[in-house]
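Here are my notes for your read-through. Please keep the structure open beside them.

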Amino acid sequence: KVISQLQSPHTITVFDYGAEDGLFYLVMEYIDGSSLKEWIKHRQERFAPERAVRLAIQMLSSLEEAHHYGVLHRDLKPANIMLARDYKGQEVVKVVDFGIAKVVQDAQQSGSAEPGLTQANSFVGTPRYAAPEQLFAQRLSAATDVYGVGLILWEMLAGKPALSMSSWHDCSPFHMENRKRPMRIPASVGVPERLAAIVERAIMR
């Protein structure tokens, strides 16, 4: 119900929801495009800095509205970023799959001491793109989603994920170790210095 109220042009629109014969359903807009994951995989090339920044700003626009209403996405990754074209032919982003989104205010309103916790203190999300506090089911905030955007921006600029591993067991030590040794975009990628600093700040502990 909360997600259906989001109106950002960069958030997938939910038209209806309900249950039929014990099955829950969502009716969402159809997006004629491909996911960022598919684009990177098939093209196998890096995004120009200007394009990567333009798309990241659109992602952040979607999240800004969601965060305003107390909603965290919690599963930001290239597979959940759709690339399409508007009526002018300009490239636009649609953030999709708010299926595991967490309404932070729920926990606050219920009197929980730790708003934003996952159910039963268990991890929910994708380890490769999850912030440390999410990996260990600790208190989440808007910064948790910003961390995911930072890693997506890294992947667009570098042409490959910051982390080669994918399991919780392998990813969690890597994310935690970054407290002592911050991740740096390789100089060979040729990312402008100030842009690299923004990405690296987004994924700092």
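This is a predicted model: local features need pLDDT of at least 70, side-chain atom pairs count only at pLDDT 80 or more; totals for chains, interfaces and linings use all residues.

The points below go from the overall fold to the salt bridges.

1. Overall make-up. The protein chain has 7 helices and 7 strands. Their order along the sequence is β-β-β-α-α-β-β-β-β-α-α-α-α-α.

2. Packing and surface. The protein chain holds 205 residues, and 44% of them are buried. Take the contacts between residues at least 6 apart in sequence: 63% of these join residues at least 24 apart. The accessible surface of the protein chain is about 11,600 Å². Carbon and sulfur atoms account for 51% of that surface.

3. Salt bridges in total. How many salt bridges does a search of the whole structure find? The count is 5. The next points take up several of them.

4. Lysine 94 and glutamate 29. These two side chains form a salt bridge, with 3.1 Å from N to O. The partners sit in distant parts of the chain, 65 residues apart. Lysine 94 belongs to strand S6, residues 91-95. Glutamate 29 lies in the loop between strand S2 (23-28) and strand S3 (34-35). Is lysine 94 buried or exposed? Its relative accessibility is 14%, so lysine 94 counts as buried; the cut-off for buried is under 20%.

5. Lysine 77 and aspartate 75. Here the salt bridge spans 3.6 Å, N to O, between the two side chains. Aspartate 75 has a relative accessibility of 9% and therefore counts as buried.

6. Glutamate 200 and arginine 184. Their side chains meet in a salt bridge at 3.2 Å, N to O. Arginine 184 is exposed, at 52%. That value passes the cut-off for exposed, which is over 50%.

7. A network. Arg51, Arg54 and Glu91 are joined by salt bridges into a network. Glu91 falls within the residue range given for strand S6, 91-95. Lysine 94, from point 5, is in strand S6 too.

Key: Residues are numbered from 1 along each chain as its sequence is written. Side-chain values use heavy atoms; hydrogens and water are left out. A salt bridge is a side-chain nitrogen of Lys or Arg within 4 Å of a carboxyl oxygen of Asp or Glu. Helices (H or I, at least four residues) and strands (E, at least two) are DSSP runs, numbered from the N terminus. Buried means under 20% relative accessible area, exposed over 50%, partly exposed in between (1.4 Å probe, protein chains only). Contact means heavy atoms within 4.5 Å. Accessible areas come from the Shrake-Rupley method with a 1.4 Å probe; for residues, only the protein chains shown count as cover.
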